[in-house]
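I opened a new notebook page for this structure.

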Amino acid sequence: MSIEDLSLTHITTVQLPASRAAQRQFLAGLSTNPVLGGSLSALQPGPAADVFVIPHGVEQAIRAGLGLNAQGWEAWLRQHGALTVNALQRDAYVALMTRGATLQAGAVLGAAKVTLPNGQPQHQDAAAAAVLPKDFVGPHDWHLDERGVNAVRAWALFAAEPRFDNQLPWADIRIGHIDTGYTEHVALGWNAGTSVTVRHTEGRDFWDGAHDQDGPRDPFLPGFPGHGTRISAAMSGFWPAAPGGPFYGVAPGAQVLPLRVTDSVIVDHVQHHVRDAIRHAVDHGCQVINISLGALRRSSSLAAALDHAWMKGCIVVCAAGQVWGEVIYPGRFNRCVTMGGVGPGLTPWRSGAKGPYVDLCGPADSIRRVLAESLPPKQAANQMAQETGDGTSYATAACSAAAALWLSWHGVQDLRARYAPHGLWQIPKIFKALAMQTARPGKWPASEAGQYGTGVLDIEALLKAPLPASGTVRQENEANGQFDNGSMT
């Protein structure tokens, strides 16, 4: 069968030269092609060190733009430096991602990404330690200010509000973070084995059942080591003295409850862990749950866990996913906010999934991120990676942190008192509907209208949106029910 015939069940892989320079040149040929019409800074690894996956979105955009059939697409890839072109089966892709990477003769295969080099920003003098929004001085990374999710202007709203003069407004918001676990990093307030942000002793390890004093610590297994740390920092990071300039998550200092369920970002093999982690987070006081992971297969028990969170008034934010093209579970279910991705300029991130299951988008490419490291316990990492973060994981983190800001702006207890008479489910329902209503337009072609949700998350506009009265919004279909578009009425 041709690559074209296999397009719905397979994904294109390419073998590239061993030279990193040649690999980057290949990526440049894809990412700078004018027909791509979006952002692409890296390729996902394949089953060997020199094999990479071409995301469906990239393939579709280039083939449609250039009018390439299967043979023309293969020839085009070879013209840009591919040594071989093949098709990876869907089940093989799931197996690759669930094992994360392959160990061969002691070497990790498939761990590196092809990433375009970025210029190093000029180092800025470190800001003084700050604990209030008025002190979150810039310069700010693109995804935080008006070029991204408008978090900086949202912080300014808090800074101008007298009721928050002497406190970090969202200091008590708890985000249940279902991921690979935690590692220590100074951007998350780690010092001498303790953190003011990560509630590691209250977390839980569902992956191997560890219950020692270190809690659900990420053991840096081959796969996606440090993913939980990177995404936690994107939500709650606070490091004014970071190399390259101050570093902030969208909700600096919000509390993170780490829940370790896997060593991969594809979780078909551990959906029961994700299910149990959702219930644990809800039952241990988390108002928000971040799931920057996903599965290609449906799980009814996972859907039931979303229903549980929904009815308890907990906001669950899920990644739409990437590479394969289809929105993954649990983001494909109702009763959660499903995040697609954009890159700089609010153009589509072409590795990301799109389609009707996407609710809205957030920054997912060229993200400055913390560099998680495998260090001994109580030793905190203190390095940054410049603009190498990509994935709908980051868009999901931005929305989860936006939920923390929204809850603190209106007051968690005030929201619960307001909506309890007609059901606490109104809290996640209203957050989702308002986030979708206040989203800014992204820069995608008219032919892709409706494929990236209602637009790009705008936190300033979200905070300013008035709350509806209790009992005036409709209940959303059950998580595993007929697709629901998330509308308020």
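**Contacts along the chain.** I began with contacts between residues at least 6 apart in sequence. In the protein chain, 76% of these join residues at least 24 apart. I noted that the model is a predicted one.

**Make-up and size.** I looked up the helices and strands next. The protein chain has 12 helices and 20 strands. Its radius of gyration is 21 Å, close to the 23 Å that the globule rule gives for 489 residues, so the chain is as compact as a globular protein of that length. I also took the box along the principal axes: the C-alpha atoms fill roughly 60 × 50 × 40 Å.

**Burial and surface.** I checked how much of the chain is covered. Of the 489 residues, 61% count as buried. The chain exposes about 17800 Å². Carbon and sulfur atoms supply 51% of that area.

**Charges.** I looked up where the charges lie on average. There are 37 positive and 40 negative charges in the protein chain. Their mean positions are 2 Å apart.

**An open sheet.** I then turned to how strands are joined. Strands of a sheet pair through backbone hydrogen bonds, either parallel or antiparallel. In what order do the five strands of the open sheet stand? I read the order as E4-E1-E3-E2-E7, with antiparallel pairing. Strand E4 (84-89) and strand E7 (114-115) are at the edges. Each has a single partner strand, so one side of each is left without a neighbour in the sheet.

Strand E1 (residues 10-15) and strand E3 (residues 51-53) are antiparallel, and three bridges join them. Opposite Thr13 I found Val53 in E3.

**Strand E8.** Is strand E8 buried or exposed? Six of the six residues of E8 (residues 174-179) are buried, so the strand is largely enclosed by the rest of the structure. I checked both faces. On one side Arg174, Gly176 and Ile178 are buried.

**Partners of E8.** Which way does strand E14 run against E8, parallel or antiparallel? E14 (residues 255-260) runs parallel to E8, and six bridges join the two. I found a parallel pairing with strand E15 (residues 288-291) as well, over four bridges.

I followed Ile175 into both partners. In E14, Ile175 stands opposite Val256. In E15, its bridge partner is Val288.

Technical notes: Residues are numbered from 1 along each chain as its sequence is written. This is a predicted model: local features need pLDDT of at least 70, side-chain atom pairs count only at pLDDT 80 or more; totals for chains, interfaces and linings use all residues. Side-chain values use heavy atoms; hydrogens and water are left out. The radius of gyration is taken over C-alpha atoms; the globule rule is 2.2 Å times the number of residues to the power 0.38. Buried means under 20% relative accessible area, exposed over 50%, partly exposed in between (1.4 Å probe, protein chains only). Contact means heavy atoms within 4.5 Å. Accessible areas come from the Shrake-Rupley method with a 1.4 Å probe; for residues, only the protein chains shown count as cover. Lys and Arg count as positive and Asp and Glu as negative; His and the chain ends are not counted. The place of a charge is taken as NZ of Lys, CZ of Arg, CG of Asp or CD of Glu. Two strands pair if DSSP finds at least two bridges between them.
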